[in-house]
Every structure is written in structure tokens, then in C-alpha cells.
Amino acid sequence: MTNLFEPIPFSLWKEDKAAFAAKLGNSFRETGFAVITGHPVDQAVIARANEAAKDFFRLPEEVKEKYHDAPGGRQRGYTPFATENAKGQKAADLKEFWHTGRDLPADSKYRDTMKDTPSVAEVPDFDPATRAFFEALDEFGRTLLRAVALHLGLPEDWFDDKVEQGNSILRLLHYPPQENPPPKGTVRAAAHEDINVITLLLGAEEAGLEVLHRSGKWLGVNPPPDALVINCGDMLQRLTGGVLPSTTHRVVNPEPERARFPRYSTPFFLHFNQDFLIEQLPGCMAEGGKAEPPITAQAYLMERLREIGLVKA
Ligand SMILES: O=C(O)CCC(=O)C(=O)O
Ligand SMILES: [Fe+2]
């Protein structure tokens, strides 16, 4: 099989928007994923946020636990090891993570349902480093959506005002080393689909990420160093009648020779504004697809969070 995750250089966007949009769109249609090299997210911003994340995860469990927001569905702050389970899975994932949300203007109409992110006192650089990283990914995400819009035959700025105050989340993930074999049937992240519009994923160079291709085969992604992996989430799938599929993916446990190494990754889940009505685009329907009723981004998110156990029914 040819490499389905052939990297797409971001420089192409500057030279020929239509050509970049076609490559991105075709990769999404084929696998739901794409790999981008030469992305504009500043390496210093990435490195600083990764350092802050490592410092945070090194804190004692009782300190990290202070920052949980279980009643809010863990959409902000800390989630301890083995809490989240993928839809339909009994065993919890072998990961702990942190969620940074959008820093909303004081007068935003979304303040009631989009909480502030807790401030971490024990790691002095944590707040500014993660904020800067959120903003860089948010900006690049909007650029990528411009390419998606062109691919779909929409005006280039179609997504702009639908995501500008979106309920997006930066997730800092830590998969601890596995010195002892983990319980049978558990993996770092069980097979799942992302809920949001698109996901921008950095840090997946450490092996483990696999994508369920429509041929039925699990394919390892293994992007080159510093590349960014993007994938379509359920909201984009719903908007496009399945033309841009939200593909099942997972993170498998390391090979024995890598078991003593932790794995860190930092998916950025780009969401619509909460009151955006996700309604299938006219004339957009995958072969064999079925139409789904319109639903607001917020109602859809809550439905999906219940399914993965982060919001209790
Ligand atoms: O850690 C990774 O490489 C992927 C994580 C992921 O798929 C997720 O958190 O939704
Ligand atoms: Fe995911």
C-alpha cells in the first residue's frame, strides 16, 4: 500500500491554496487524517508548553487532584490516570491529562457554559506557556479550516465566525511508562473518534497512534519529527454527511523495549461556537450515508461526553 499518510508541506498553502486544499481534502476523505510538515506553530512555543506539561505531571497526585473539574465533565484542568474510557469500552485508558480552554472576553455570551481554566500555582510558567500554545494552535486551526472550506466549495472564510469563540480544548497528555505489564485488555487510549471539528495533534512521533482504515486494517501513523497530524472529528463528519470521516483511532501500548519511556502528546480539539447549529451542508452526503437532524454544538458535546463517562447522565 502506498503511504496513506504522505506528508503535505504547509509551504504549498502559500504557493497554491487550491492545491493544498485538494491534498488535505483528499487525505481526509481517504483516511480522516493528514500529516502536515513545515507548520507555522513556533517550535519555542511548543517546547515551552511541553516543559510546563512535564513539570505539572511530575507534581504529587494530591496536588494535581486539586485541579480537577469532575462536575464540569472534566473539560478543564486535570483528569487523573485511568479515568476516561472510550465510548463503549469498560477499561479506562492508561493516561492522565490536562485541559486548557479558551480565555474568553469578560463580556462573552459563552461564559456561562465555558469555564475558566484553573491557574496552576506550583509551576510558575504553566499558565503563560499553555495559553501561548493554545493560541498558536487555535490560529493555525483556523487556517486549516480555510483549506477545508475551499475543498468543500465554500467561501474560504466560511468557518471563521463559526469557531472564533469555539469551545476548543488543548489537551496535554501523559502516558506513563509501563515498567510492569498493564492489566489485560487495557491500552494507552482505546479506539475512539474525536468529538470536535478537527484535531491538531503534536507529539505523536513517539509510536503508538493507529488509525482504523476503511479497509479494516489498523495503520500506524508515525509522522516525521515536528510534523503535525490533523484529523476530522464527529462534528465535521456530521456537517459533511460523512464525506470527511471522523476515523476511529487509538494509542496502543509500547513495544517492550520502549515500555520504560513515557509518551507525551498534545491534541488540540477545535470546536464550533457552542450555539452553532451543526446541520448537514446542502448536497454533501457520503455514499451510503444517512442524514442526521441538526443539533447545536453544545448539545452534541454533552451527548458525547455522557457516552465516554466524563459527564454522568
Ligand atoms: O496521543 C495521541 O497520539 C492521540 C490522542 C487522542 O487520540 C486523543 O486524546 O483523542
Ligand atoms: Fe483522539
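A polar side-chain atom of H192 lies 3.0 Å from an oxygen atom of ligand 1. The model is predicted; local features need pLDDT of at least 70, side-chain atom pairs count only at pLDDT 80 or more, and totals for chains, interfaces and linings use all residues. Residues are numbered from 1 along each chain as its sequence is written, chains are lettered from A and ligands numbered from 1 in the order written, and side-chain values use heavy atoms, without hydrogens or water.

Two further side chains make polar contacts (pairs of N or O atoms within 3.5 Å) with the ligand. In Y175, a side-chain N or O atom is 2.6 Å from an oxygen atom of ligand 1. For D194, the corresponding distance from a polar side-chain atom is 3.2 Å. Alone, ligand 1 exposes 300 Å², and the protein buries 98% of that area (Shrake-Rupley method, 1.4 Å probe). The residues around ligand 1 (a heavy atom within 4 Å) include R171, L173, H249, R263 and F269.

The whole structure contains two cavities of 30 Å³ or more. A cavity is a set of points, on a 1 Å grid over the protein atoms alone, where a 1.4 Å probe fits but cannot get out; lining residues have an atom within 4 Å of a point. Volume is the space filled by probe spheres set on the points, which are joined across faces, edges and corners.

The largest cavity holds about 460 Å³. Its lining comprises 37 residues, with E84, R171, H192, D194 and F269 nearest the centre. Of the lining residues, 18 are nonpolar, 10 polar and nine charged. Elements that each supply at least two lining residues include β5 (169–175), β12 (263–270) and α8 (297–307). Strands are DSSP runs of E, at least two residues long, and helices are runs of H or I, at least four.

The second largest cavity holds about 40 Å³. N50, A53, K54, L172, L173, Y264, S265 and T266 line this cavity. Two or more of its lining residues come from each of α3 (43–57), β5 and β12.

An unreviewed UniProt entry annotates residues 165–272 as "domain: Fe2OG dioxygenase". The end C-alpha atoms of residues 165–272 lie 8 Å apart, and the span is 6% helix and 36% strand.

Notes: On a 1 Å grid over the protein atoms alone, a cavity is a set of points where a 1.4 Å probe fits but cannot get out, and a pocket is an open set with protein on both sides within 12 Å along at least five of seven lines; lining residues have an atom within 4 Å of a point. Ala, Val, Leu, Ile, Met, Phe, Trp, Tyr, Cys and Pro count as nonpolar, Asp, Glu, Lys and Arg as charged, and the others, Gly among them, as polar. UniProt positions are given in the numbering used here, feature names are shortened, and annotations may be inferred rather than shown by experiment. A polar contact is a pair of N or O atoms within 3.5 Å; within protein, one must be able to donate a hydrogen and the other to accept it, and residues adjacent in sequence count only if both atoms are side-chain atoms.
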